[in-house]
Amino acid sequence: SLAILAGPLTAPAHANDAVKALDSFLETAKAWGASSGEYGEVNETAPNDAVMRDGKLGWDLAFKLGDADIDLDIRLEAPEVRLYGAKIDDKGYSFDKIEYPGAMTVSLSGGVTEDGKRKSFNAVLTQYDAVTTGIFQPRLELAEDAEHPVSRFKPMLLAFLDMRIDESSARLIEMQVENQGSTQNDRYEGITYKGLANGRIEEQRIEKMTSVQSFPLSDGADAEQLEIKQETGAYVVKGTDIRPLYEVLKIVPAGTAANDTIIESLSSEDMKISAKFGQFTVASTTASGITLDTDVEPVDALAIGDQAMLGTLPKDEASLVDLGRKALDILDGFTVASMAMDTIAVTSDFGNGTIDRIAVNDASYRGLGHGELTGVDVAVKEDNTTVKLDSFTLDGLTLPPLANYIDIALATKTGKPNIQEILAVVPMLSGMEMKGLDVAS
């Protein structure tokens with residue numbers, strides 16, 4: 001979409017709300033620190049329609065995070081944006097449709113300097129032929145607040161809950177990233193988002209994804225590069241809800257979320273990962289009922305962000321341990337009701353193998369209700385060993401709270417852990433069964 005629009009209108013002389021929205025967006029970007037911003041031209045095409053051409057925005061940022069100095073150069077270029085059915089009122093900005101024909105580009109370059117050494121990175125994201133319909137964006141004003149460099153953006157996070165989009169799509173998105181000798185090239189084809197409202201997206205779909213990563217296996221200009229390619233067919237996510245996460249991060253009050261579900265279901269088809277030494281494929285992956293327990297003690301993520309930016313994070317062990325416990329308690333709260341991978345195959349220089357199915361129920365960092373592995377057939381080339389297994393099941397696997405590992409780490413640091421501290425990290429298992437195991441060489 002057009003991004004968050006805010007503040008008072010800057011061009012009241014225009015009767016056309018589409019032109020007013022474009023003017024407001026440009027002035028808002030400058031008010032929020034854009035070092036450059038311009039439109040080549042803006043033309044009215046109907047009473048509440050307009051076309052903007054050759055739009056450019058730029059930010060030159062420099063800030064400190066802990067002991068590191070960070071510099072960022074951000075550039076956005078949009079050759080053309082078409083707005084249809086614009087309407088502005090006291091609540092915000094509405095559009096029947098916004099089109100971004102051609103290639104819209106966002107580039108990011110910069111570096112992190114620490115101990116006199118700078119590590120640089122570059123990233124370019126290009127979006128092709130995007131269309132968004134049924135849009136509402138609330139008004140938003142952000143105040144400068146040097147004492148709260150992160151939490152001052154809380155109104156923007158809350159505004160996301162009031163945004164509405166009927167549907168948004170792009171023909172193609174490409175992204176290139178370079179970082180310290182490593183490169184990553186991603187390609188997403190046929191992207192569609194449907195039904196954004198109240199912080200929830202009904203459906204997200206990508207028809208095809210391709211990612212190629214290359215990174216050096218050692219230091220030096222002549223280091224050998226390892227390339228890994230990942231391809232995935234149709235990828236679909238339904239019922240994504242940000243509100244449970246907002247609750248545990250103290251962005252919204254407790255009870256804001258309708259329930260604990262953050263993703264109703266997801267699926268992907270025809271995943272393939274390949275490198276020079278072999279290939280890994282999965283015909284289909286599915287998951288459902290991904291939840292986050294909102295009854296855990298929340299962590300004020302924005303306040304922690306302020307402290308990180310200002311260099312005032314606590315450094316004493318007790319405070320760091322307490323923060324670590326709270327973060328691990330949140331991780332403990334993630335649960336997947338069911339997940340399965342079907343028709344898995346591995347081919348490599350060392351051997352080949354297939355698995356018919358891997359499936360789990362009630363999976364979390366706290367354990368596993370049920371897990372099963374079926375149809376295993378593995379052949380190792382070196383000594384002509386084969387392993388076949390009809391099925392392997394686990395039931396009632398209980399893992400200790402993640403925070404218990406902090407306790408035993410501290411006990412090990414100060415002395416020898418006692419039996420209670422050791423038992424506190426021992427997993428428990430109700431049942432295990434193996435059928436049809438056959439090993440031959």
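**Entry 1: Glu80**

I listed the contacts of Glu80, leaving out neighbours within four places in sequence, and found Val51, Met52, Arg53, Glu99, Tyr100 and Pro101. Contact here means heavy atoms within 4.5 Å. The model is predicted: local features need pLDDT of at least 70, side-chain atom pairs count only at pLDDT 80 or more, and totals for chains, interfaces and linings use all residues. Residues are numbered from 1 along each chain as its sequence is written, and side-chain values use heavy atoms, with hydrogens and water left out.

I placed Glu80 in strand 3, residues 68-84. Strands are DSSP runs of E, at least two residues, and helices are runs of H or I, at least four, numbered from the N terminus.

Is Glu80 buried or exposed? I read a relative accessible area of 17%, so Glu80 is buried (under 20%; exposed is over 50%, partly exposed in between, with a 1.4 Å probe and protein chains only).

I checked Asp54 too: its C-alpha atom is separated by 6.1 Å from that of Glu80, 26 residues apart along the chain.

**Entry 2: the second largest pocket**

I noted about 200 Å³ of space in the second largest pocket. A pocket is an open set of points on a 1 Å grid over the protein atoms alone, where a 1.4 Å probe fits, with protein on both sides within 12 Å along at least five of seven lines; lining residues have an atom within 4 Å of a point.

I found 13 lining residues, with Val299, Ile304, Gln307, Leu323 and Lys326 nearest the centre. Helix 4 (301-310) and helix 5 (317-332) each give two or more residues to this lining. Helix 5 supplies the largest share, four residues.

Terms used
Points joined across faces, edges and corners; volume = space filled by probe spheres on them.
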